[in-house]
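Trainee: I would like to learn how to read the features of a structure that is new to me. Could we go through it together, one feature at a time?

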Amino acid sequence: MTAEIIKAASDKKNMVSVELFGMIEKAELIDSDLLLKFNVRYIATDYEYSGYDLYEDNLSGYLYATKL
């Protein structure tokens, strides 16, 4: 499990590379307690590449990654 963590200089967000449906995507790494306050839905767990649980914002489609 090798997840690449990238700090975006402009937003100071922790972005990680995750595998989602066979493609490498970027998702914001976020604490699970904070994620529960957002309007998100569970997408999948990336078992093979990063090990993160993946969630999608219901309104914007923005991806979040967390470990529950």
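Trainee: In which helix does Ser-32 lie?

Mentor: Before the answer, please note that this is a predicted model, in which local features need pLDDT of at least 70 and side-chain atom pairs count only at pLDDT 80 or more, while totals for chains, interfaces and linings use all residues. Residues are numbered from 1 along each chain as its sequence is written, and side-chain values use heavy atoms, with hydrogens and water left out. Helices (H or I, at least four residues) and strands (E, at least two) are DSSP runs, numbered from the N terminus. Ser-32 lies in helix H1, which covers residues 32-35.

Trainee: Is Ser-32 buried or exposed, and which residues does Ser-32 touch beyond four places away in sequence?

Mentor: Buried means under 20% relative accessible area, exposed means over 50%, and partly exposed lies in between (1.4 Å probe, protein chains only). With a relative accessible area of 16%, Ser-32 is buried. Taking contact as heavy atoms within 4.5 Å, Ser-32 touches Thr-66, Lys-67 and Leu-68, when residues up to four places away in sequence are not counted.

Trainee: How is a pair of aromatic rings described, and how many aromatic pairs are there in the whole structure?

Mentor: Such a pair is described by the distance of the centres and the angle of the planes. Rings of Phe, Tyr and Trp (its six-membered ring) pair if their centres lie within 6.5 Å, and planes under 30 degrees apart count as stacked, over 60 as edge-to-face and the rest as tilted. A search of the whole structure finds 3 aromatic pairs. Among them, Tyr-42 and Tyr-55 are edge-to-face, at 5.5 Å centre to centre and with 70° between the planes.

Trainee: Why does the pair of Tyr-42 and Tyr-55 tie together parts that are apart in sequence?

Mentor: Tyr-42 belongs to strand S4 (residues 40-45) and Tyr-55 to strand S5 (residues 53-57), so their pair joins parts that are 13 residues apart in sequence. Tyr-42 is partly exposed at 44% relative accessibility, whereas Tyr-55 is buried at 13%.

Trainee: Which residues form the largest nonpolar core?

Mentor: A nonpolar core is a set of buried Ala, Val, Leu, Ile, Met, Phe, Trp, Tyr and Cys residues joined through side-chain atoms within 4.5 Å. The largest one has 10 residues, namely Val-16, Val-18, Leu-20, Ala-27, Ile-43, Ala-44, Tyr-52, Leu-54, Leu-63 and Ala-65. Strand S2 (14-20), S4 and strand S6 (63-66) are the elements that give two or more residues to this core, and the largest share, 3 residues, comes from S2.
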